[in-house]
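Please look over the chain below with attention to its charged pairs, its sheet and its helices. The report begins with one pair of side chains and widens from there.

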Amino acid sequence: MKVILKVTGGPHQGQSFAFGEHDTFVVGRSDSAQFRLPFKDKTLSRVHFLVEVNPPSCRLMDMASTNGTFVNGKKVSTIDLNDGDTIRGGRTHIEVHFEEDDAPVTRGVEPVADYGIESVTVDDVGPRLPTLPKLTLETELGRGGMGVVYRAKNAQGETVAVKTITPAAVASEGVTARFLREAGILRTLDHPGIVKFREIGHADSLVYFVMDYVPGKDADWVVRQDQPLPIARAVGIATQMLDALSFAHAKGFVHRDVKPKNLLVSTEGGRDTVKLADFGLARLYLDSPLSGLSFTGQIAGTYGYMSPEQITHFREAKPPADLYAAAATLYFLLTAKRVYDFPRNVERQLLMILQDEPVPIRERRPDVPEGLAKVIHRSLKRDPKERFADAAEMRKALKPFAAGAAVP
């Protein structure tokens, strides 16, 4: 199935946009909008509304626009769109059309967004654990926008971590099998700074991933326990993270969900060992029909680390998006705060990422060296071309500030 957006009224009448895969589409007068109306329709806001498409599902989110967004004549904030609906923003009218093909995906019920509640134990949710082949799940370790992680034993008695995902859209066996085949390539990522995928499978309604079990805590937990980390320690953690990113980027992998909760830290003898979890999983899952409308539905756990291009060009996230997220993660390690003072409203959070400058890190922590602040803020530039050329260059720029942190 394809979703077609046809402009039927306004300055750009006659234009048409087709979507056959999971993507986002921004309408407004900003340079970042895919459908840009710079001067001809000034009744539109710079970023007026966003449409998320994952055929056969389609959802619209008004981006706190000045004059509002209307669907079938009714003012809306967030709404699921159907075939034949008409969107109006300013003087621009867009019709929504669904065109059938042989795609075997049907509408399903989406899971409720977790909104950042990512540290739940089995005692909080009761004793019921999924049953998976050749695995004995022992306890829940945490949960996030994409699924739940358990500690488990495999058939050989080894302790492993298992991530389960309940697909947000009902799909045929063929679609699920294709996703599992594509996800199988994740097992080729073999680096000491990356949590290794061992096995990928499907049982009942769950897709599951068996990974190495990493003792220790995620960086979000570490910061919330210790508060802002010493500068050398925080930068040392970041340089290890960038070493892993450099390795993966060279092999064509983009993480697309770098954040403190995906950064696992084990400390022994005063030295931190860092591993990145879920490498490449977000990209594969979010690009698939299985993920449903996960961008607008489950954004809250990631928005503080999401680059602007991940909002406006959902499918085109490249290595610079990981560098932005790595800088935002280091910013959090150093300040225990995110790069913006985000409001509660999700639409305004997205607008801040697209339009505002991050809070200068030295306003939050004056003892951060000016040179380190420059490295971080260069990596947080909205334009990917203004960031570092690659993870290795960013790591090299950070390394002088990690003195005494036992950086490998």
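Arg233 and Asp272 form a salt bridge in which the closest N and O atoms are 2.7 Å apart, the term meaning a side-chain nitrogen of Lys or Arg within 4 Å of a carboxyl oxygen of Asp or Glu. Because Arg233 lies in helix 4 and Asp272 in strand 21 (residues 271-276), this pair ties together parts that are 39 residues apart in sequence. Helices (H or I, at least four residues) and strands (E, at least two) are taken here as DSSP runs, numbered from the N terminus. Asp272 is buried, at a relative accessible area of 8%, whereas Arg233, at 22%, counts as partly exposed; buried means under 20% relative accessible area, exposed over 50%, and partly exposed in between, with a 1.4 Å probe and protein chains only.

All of this rests on a predicted model, in which local features need pLDDT of at least 70 and side-chain atom pairs count only at pLDDT 80 or more, while totals for chains, interfaces and linings use all residues. Residues are numbered from 1 along each chain as its sequence is written, and side-chain values use heavy atoms, with hydrogens and water left out.

| Salt bridge | Closest N and O atoms |
|---|---|
| Arg233 and Asp272 | 2.7 Å |
| Glu357 and Arg382 | 3.3 Å |
| Lys261 and Asp220 | 3.5 Å |

In the salt bridge between Lys261 and Asp220, Lys261 belongs to the loop between helix 4 (231-250) and strand 20 (263-268) and Asp220 to helix 3 (residues 219-226), so that the pair ties together parts 41 residues apart in sequence. Asp220 is buried, with a relative accessible area of 10%.

For the salt bridge of Glu357 with Arg382, the partners sit in two loops, Glu357 between helix 9 (346-355) and helix 10 (361-364) and Arg382 between helix 11 (370-379) and helix 12 (391-398), so the pair ties together parts that are 25 residues apart in sequence. Glu357 is exposed at 56% relative accessible area, and Arg382 is partly exposed at 31%. Elsewhere, Glu138, Arg151 and Lys153 are joined in a network of salt bridges.

Turning to the strands, six of them make up an open sheet, with antiparallel pairing and the order 2-1-11-10-7-8; two strands are said to pair if DSSP finds at least two bridges between them. Its edges are strand 2 (16-19) and strand 8 (74-76), each of which pairs on one side only. Within this order, strand 10 (residues 86-89) and strand 11 (residues 92-99) pair in the antiparallel sense over four bridges, and Ile87 stands opposite Ile94 in strand 11.

Which helix is mostly covered? Helix 8 is, with 15 of its 17 residues buried. The 17 residues of helix 8 (residues 319-335) should span 24 Å at 1.5 Å a residue, and the end C-alpha atoms, 25 Å apart, agree with this; the expected span is 1.5 Å times one less than the number of residues. Ala336 follows helix 8 and has a positive phi, near 60°.

Over the protein chain as a whole there are 12 helices and 21 strands, and 55% of the 408 residues count as buried.
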